[in-house]
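Reader: I have a new model open and would like to learn how to read it. Could you walk me through it?

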Amino acid sequence: LSAGLDGKLIVWNAPLGFKLNAITLKNRFVMSCCYERTQNNLVATGGLDNLVTVHRVGHTDTPEVELAGHQGYISCLQFLNSSALLSGSGDSMLTLWDISKQQAVRRFMACLADVTSVSTYHLMPNLLVSGSCDSTARLWDVRTSKVVYTFRSHSVDVNAVRFFPNG
């Protein structure tokens, strides 16, 4: 999955190197995209318009859902499942969205600066880690919206975070 400043979201067949689908986006200034791993064919984008937009691949270019609530640009996205999506923003917040209800379920006061990245751990879906421009990475419990641990060893922005497959 890729999103470009040409206003296109493209789903690729990576082994064969061709486009499977292309979606024309309303917002050309996309900073993040992600896909949902089940058969629902959902993809999400976010960017400088402060909106999270969810499309169903193979349908029209019209968004399935637009989620508004952030006061800053959308920097990162991660599906938890086919009905739950996390977004990180320049407003220093992480938001957990219920896609079917089109509303925020939980907000995490993530850090003291822009949230830059988010990652979930597939074997423990209640854990997530976020990176921030405040030089920290934070481990969260999704159920309580509380920080479990703050990692403070960087001296500048933490631009990417990921769990190792074994946790």
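Author: Gladly! The accessible surface of the chain (Shrake-Rupley method, 1.4 Å probe) is about 8900 Å², and carbon and sulfur atoms hold 52% of that surface. This is a predicted model, where local features need pLDDT of at least 70, side-chain atom pairs count only at pLDDT 80 or more, and totals for chains, interfaces and linings use all residues. Residues are numbered from 1 along each chain as its sequence is written, and side-chain values use heavy atoms, with hydrogens and water left out.

Reader: How many helices and strands does the chain have?

Author: Helices (H or I, at least four residues) and strands (E, at least two) are DSSP runs, numbered from the N terminus. Here the chain has zero helices and 15 strands. Its radius of gyration, taken over C-alpha atoms, is 15 Å, close to the 15 Å from the globule rule (2.2 Å times the number of residues to the power 0.38) for 167 residues, so the chain is as compact as a globular protein of that length.

Reader: In which order do the four strands of the open sheet lie?

Author: Strands of a sheet pair through backbone hydrogen bonds, either parallel or antiparallel. Pairing requires at least two DSSP bridges between two strands. In this open sheet the order is β12-β13-β14-β15, with antiparallel pairing. Its edge strands, β12 (115–121) and β15 (146–151), each pair on one side only.

Reader: How many bridges join β13 to β14?

Author: Five bridges link β13 (residues 124–132) and the antiparallel β14 (residues 137–141). For Val129, the bridge partner in β14 is Leu139.
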